[in-house]
Amino acid sequence: MSEGISFIADRADIGTSSAVRTVMTQAPDPAVPPEDQTDPLVLVPDTGDTGQPPAHGGLATGELVHRPDADDAFPVEWTRLTEHRYQVAADWPAAHRFFAPLPGGVQDPLLVTETMRQTAMMLAHAEYGVPADHHFVMWDMEYALATADFGLADTSGRVDVLVECTEVQMRARSLAGMRVRLTFERGGRLLATSTGSLSATSERAYRRLRGGKLDTAGDSIPLLDGIPAERVGRHDPRDVVLAPSEEGTGWRLRLDTAHPTLFARANDHVPGMVLLEAARQAAIALAPDGRFLPASLAIAFHRYAELNEPCLVRARRETSPEGDVLVHVEGVQGGEAVFTATLGDTPEAAR
């Protein structure tokens with residue numbers, strides 16, 4: 001893969017690196033300049049418990065999770081259990097300016113994806129040696145709620161997250177890519193599971209890949225008039241990421257680069273969280289009663305979504321004979337798919 005959506009391409013503190021054991025033959029990465037590929041790509045197998053006492057882990061920081069505002073940072077600390085298994089403590093808010101409770105006192109399920117994103121980057125830096133100036137690319141994400149009741153009483157406060165890292169690839173002493181699986185529990189009760197894959201790209205490779213697009217970071221983007229907030233399950237019109245489409249079908253992606261959570265810093269492309277929210281809002285907009293709980297979501301990112309080009313969001317809703325609802329969403333820019341997503345409204349526990 002030569003392109004991908006950089007979920008958040010911030011920088012953070014440098015951590016320690018893991019051991020490298022087995023060389024894996026792989027074709028050169030076209031996104032990485034040849035001079036960066038002189039070090040072999042190495043696959044680090046998961047050998048399970050090494051018999052060694054676990055590392056003490058550490059405390060999460062805004063730099064490690066790529067969130068400058070503490071209100072937007074959810075991991076609190078981590079402990080290394082075995083070579084590629086970690087226990088992470090997260091703090092989910094009962095109220096948040098963006099990840100707000102849904103009608104009926106239901107916690108926002110997108111906290112699962114945001115916590116996974118922050119946790120994966122934190123471990124990549126602190127445990128797998130990703131330098132401060134590297135950029136992350138998130139290729140795919142999915143989650144499933146394990147309980148039909150995702151209420152605030154059970155899903156706010158401390159959440160225990162078991163993280164398993166697989167397909168770990170190292171280049172020299174720094175992570176090149178890995179897949180993560182997270183299990184979320186509170187008080188011994190399973191809340192959700194999630195998986196995703198990410199890769200890390202050096203500053204030099206990223207500049208080579210993005211070229212002149214980096215010069216657009218921080219540019220003023222025309223703010224489109226959004227569709228009514230209540231139609232997409234939001235209370236604050238500033239949180240709306242969909243605008244009416246001039247083509248009559250679907251919606252235009254609406255970008256508010258001053259949004260404190262969706263655009264926490266100047267960016268040269270649309271953050272992946274905006275695309276996730278666009279998929280969620282499209283699913284809600286298609287619901288006959290305007291209510292849709294995204295109990296499961298799978299999304300793949302195919303290319304960077306550019307800030308200064310129109311992006312059309314289309315959605316299709318289908319209902320099974322048993323009444324389960326699936327909504328298929330795609331974002332299209334310049335005639336090519338930017339992302340594809342499928343959202344379901346039935347928790348695993350109710351299937």
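Cys 311 has 3% relative accessibility, so it counts as buried. The cut-off for buried is under 20%. Cys 165 has 1% relative accessibility, and therefore it is buried too. A disulfide is a covalent bond between the sulfur atoms of two cysteines. This is a predicted model, so every value here is computed from predicted atoms.

Now step back to the whole chain. The chain has 351 residues, and 52% of them count as buried. Five helices and 15 strands make up its list of elements. The accessible surface comes to about 14800 Å². Carbon and sulfur atoms own 50% of that surface. Look also at how the chain folds back on itself. Take the contacts with a separation of 6 or more: 70% of them join residues 24 or more positions apart.

Next, follow some strands. Start with E12, residues 296-301. On one side of the pairing list is strand E6, residues 135-145. E6 and E12 run antiparallel and share five bridges. Within this pair, Met 141 stands opposite Ile 299. E12 also pairs with E15, residues 336-344. That pairing is antiparallel as well, over six bridges. Which residue of E15 is the bridge partner of Ala 300? Thr 340 is the partner. Ser 296 has its bridge partner in E15 too, namely Gly 344.

E15 has another antiparallel partner, strand E14, residues 325-333. These two strands share eight bridges. Gly 331 stands opposite Phe 339 of E15. E14 and E15 form a hairpin, with two residues between them. Gly 334 sits in the turn, and its phi is positive, about 60 degrees. As a rule for reading such strands, side chains in a regular strand alternate between the two faces of the sheet.

The largest nonpolar core has 87 residues. Phe 339 is among the members that touch the most other members, along with Trp 92, Met 178, Phe 184, Leu 242 and Leu 253. What does Leu 242 touch, leaving out residues up to four places away in sequence? Its contacts include Ile 227, Val 232, Trp 251, Ala 278, Ala 282 and Val 313. Arg 252, Arg 254 and Gln 281 are also among them. A second, separate core has five residues, including Trp 139, Tyr 206, Leu 214 and Tyr 304.

Tyr 206 takes us to helix H4, residues 203-210. The buried residues of H4 are Glu 203, Ala 205, Tyr 206 and Arg 210. Seen down the helix axis, these buried residues fall within an arc of 160 degrees, so they line one face of H4. An α-helix has 3.6 residues a turn, so residues three or four places apart point the same way. What covers the buried residues of H4? The cover includes E6 and strand E9, residues 189-201. After H4 comes Gly 211, with a positive phi near 55 degrees.

End at helix H5, residues 272-286, where Leu 275 has its place. Is Leu 275 buried or exposed? Its relative accessibility is 0%, so Leu 275 counts as buried. Now compare sequence with space. Leu 275 and Thr 340 lie 65 residues apart in sequence, yet their C-alpha atoms are 9.6 Å apart.

Note on methods: Residues numbered from 1 in each chain as written. Predicted model: local features only at pLDDT ≥ 70, side-chain atom pairs only at ≥ 80, totals over all residues. Heavy atoms only, no water. Pairing = 2+ DSSP bridges. Helix = DSSP H or I, 4+ residues; strand = E, 2+ residues; numbered from the N terminus. Buried < 20%, exposed > 50% of the residue type's maximum accessible area, 1.4 Å probe, protein only. Contact = heavy atoms within 4.5 Å. Areas by Shrake-Rupley, 256 points an atom, 1.4 Å probe, with all protein chains shown as cover. Core = buried A, V, L, I, M, F, W, Y, C linked by side-chain atoms within 4.5 Å. Arc of directions from axis to C-beta.
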